[in-house]
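Good morning, and thank you for coming. Please keep the display in view while I go through the model.

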Amino acid sequence: MAMNQNIVKAFNEHLNRELFSEYLYLSMAAWFESLNLKGFANWMRVQTQEEHAHAMLFYNFILDRGGTIALDKIDRPDQAWASPLDAFTKALAHEEFISRNINDLFDLSLAAKDHAAHSFLKFFIDEQVEEEKNAAEIVGRLKLIGDSASGLFMLDNELAQRVYTPPAVAPAP
Ligand code: MG
């Protein structure tokens, strides 16, 4: 069953949002590098890889369903933040925005009775719970840390441990 054109358009728009997410976190990674917070930068670099994988899942799904890829320009992300807490607060707000969009796509696919799109989006519904939780935990830790440099460096060491694992979704048929 071919995707209806509204869904193709909405999926392309979301592909752009995931690419913007990659861009945003790449910008945050560079900012953390400039502060010599290498662990925070590592966490953001890993996050960019995840976002790229998310974008490619949408890209492949659109192609697999016979839809046309329509890449749009990617907005320019901010280049600096007031503090690590500010950066992660913005990251959390961004993930909440992504979650709302995924939920809207889910509703759209249900309304169109596009069960394949609906099934595809289930991974992202679950993934967004994880994304919000991860960002919210770091926001919470940074609030506890406050102005403590030693606390910040301890968290930096912890975030240095993050490694990229590709999303555990079966390859699209
Ligand atoms: Mg994402």
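Predicted model: local features only at pLDDT ≥ 70, side-chain atom pairs only at ≥ 80, totals over all residues.

Let me begin with Lys90, which counts as partly exposed at 41% relative accessibility. In that scale, buried means under 20% relative accessible area, exposed means over 50%, and partly exposed lies in between, with a 1.4 Å probe and protein chains only. Residues are numbered from 1 along each chain as its sequence is written, and side-chain values use heavy atoms, with hydrogens and water left out.

Lys90 forms a salt bridge with Asp86, and their closest N and O atoms are 2.8 Å apart. The criterion is a side-chain nitrogen of Lys or Arg within 4 Å of a carboxyl oxygen of Asp or Glu. Both Lys90 and Asp86 belong to helix H3, 4 residues apart, or about one turn of the helix. Helices (H or I, at least four residues) and strands (E, at least two) are DSSP runs, numbered from the N terminus. In general, an α-helix has 3.6 residues a turn, so residues three or four places apart point the same way.

How many salt bridges are there by this rule? The count comes to 8. One of them joins Arg162 to Glu50, with the closest N and O atoms 3.2 Å apart. Arg162 lies in the segment after H5 and Glu50 in helix H2, so this pair ties together parts that are 112 residues apart in sequence. Arg162 is buried, at a relative accessible area of 16%, and Glu50 is also counted as buried, at 13%.

A further salt bridge brings together the side chains of Glu158 and Arg141, at 2.7 Å from N to O. This pair links distant parts of the chain, with Glu158 in helix H5 and Arg141 in helix H4, 17 residues apart. Glu158 is partly exposed at 42% relative accessibility, and Arg141 is partly exposed at 33%. Salt bridges that share partners also join Glu33, Lys38 and Arg45 into one network.

I turn now to the metal site. Which residues coordinate the magnesium ion? They are Glu18 through OE, Glu51 through OE and His54 through ND1, at 2.0 to 2.2 Å. Donors here are N, O and S atoms within 2.8 Å of the metal (3.2 Å for Na, K and Ca); water is not among the atoms, so sites may look incomplete. Along the chain, the donors follow the spacing E-x32-E-x2-H. Glu18 lies in helix H1 and His54 in helix H2, so the pair ties together parts that are 36 residues apart in sequence. Both Glu18 and His54 are buried.

Another histidine, His94, is placed in helix H3. His94 is buried, with a relative accessible area of 9%. Leaving aside neighbours within four places in sequence, His94 is in contact (heavy atoms within 4.5 Å) with Arg17, Phe20, Ser21, Leu24 and Tyr25.

Next, the nonpolar packing. A nonpolar core is a set of buried Ala, Val, Leu, Ile, Met, Phe, Trp, Tyr and Cys residues joined through side-chain atoms within 4.5 Å. The largest core has 25 residues, of which Met28, Phe32, Phe40, Met44 and Phe88 touch the most other members. Two or more residues come from each of helix H1 (5-34), helix H2 (38-64), helix H3 (84-111), helix H4 (115-145) and helix H5 (149-159). H1 gives the most, with 7 residues. Apart from this core lies another, of 20 residues, including Ala55, Phe61, Ile98 and Leu121.

Finally, the aromatic rings. Rings of Phe, Tyr and Trp (its six-membered ring) pair if their centres lie within 6.5 Å; planes under 30 degrees apart count as stacked, over 60 as edge-to-face and the rest as tilted. By this rule there are 14 aromatic pairs. The rings of Phe11 and Phe58 have centres 5.3 Å apart and planes at 55°, so that pair is tilted. Phe11 in helix H1 and Phe58 in helix H2 are 47 residues apart, and their pair links distant parts of the chain. Both Phe11 and Phe58 are buried. Trp31 and Trp81 form an edge-to-face pair, 5.7 Å centre to centre with 70° between the planes. Phe11, Phe58, Phe61, Phe120, Phe123 and Phe124 form one aromatic cluster. Thank you.
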